[in-house]
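Here's a quick look through one model, from a charged contact out to the overall shape. Have the structure open while you read.

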Amino acid sequence: MRRTGLNRVLTIFGNMEQHETKRHVKNACKEWLLASRSVIDSMIDALQDEQERPKAHKINISKE
């Protein structure tokens with residue numbers, strides 16, 4: 001990497017540290033995981049509700 005490229009990378013890292021990017025990324029990941037968990041929980045509830053519903057059974061009526 002050329003010297004100017006290295007300076008750019010160091011500047012980017014400095015800016016990230018200054019603006020607490022790590023904390024923002026960590027919070028964003030946490031929010032995404034919580035939202036995903038909520039969706040998964042809702043799907044599980046829906047599937048369980050579906051299993052608990054009474055199902056129609058076919059009754060064969062013979063003509064005998």
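## A salt bridge and its surroundings

Glu 20 counts as partly exposed, because its relative accessibility is 40%, a value that falls between the 20% and 50% cut-offs. Keep in mind that this is a predicted model. Which residue does the side chain of Glu 20 meet in a salt bridge? That would be Arg 23, with an N to O distance of 2.5 Å. Arg 23 counts as partly exposed too, at 43% relative accessibility. Side chains of opposite charge can pair when their charged atoms come close. A search of the whole structure turns up 1 salt bridge, while the chain carries 12 positive and 9 negative side chains. The centres of those two sets sit 13 Å apart.

Ile 12 belongs to helix α1, which covers residues 3-18, and is partly exposed at 49% relative accessible area.

| Residue | Relative accessible area |
|---|---|
| Glu 20 | 40% |
| Arg 23 | 43% |
| Ile 12 | 49% |

Zooming out, the chain has 2 helices and 0 strands. Its radius of gyration is 28 Å, whereas a compact globule of 64 residues would come in near 11 Å. The C-alpha trace spans about 95 × 25 × 10 Å along its principal axes.

Conventions: Residues numbered from 1 in each chain as written. Predicted model: local features only at pLDDT ≥ 70, side-chain atom pairs only at ≥ 80, totals over all residues. Heavy atoms only, no water. Helix = DSSP H or I, 4+ residues; strand = E, 2+ residues; numbered from the N terminus. Buried < 20%, exposed > 50% of the residue type's maximum accessible area, 1.4 Å probe, protein only. Rg over C-alpha atoms; globule rule 2.2 N^0.38 Å. Lys, Arg positive; Asp, Glu negative; His and termini not counted. Charge placed at Lys NZ, Arg CZ, Asp CG, Glu CD. Salt bridge = Lys/Arg side-chain N within 4 Å of Asp/Glu carboxyl O.
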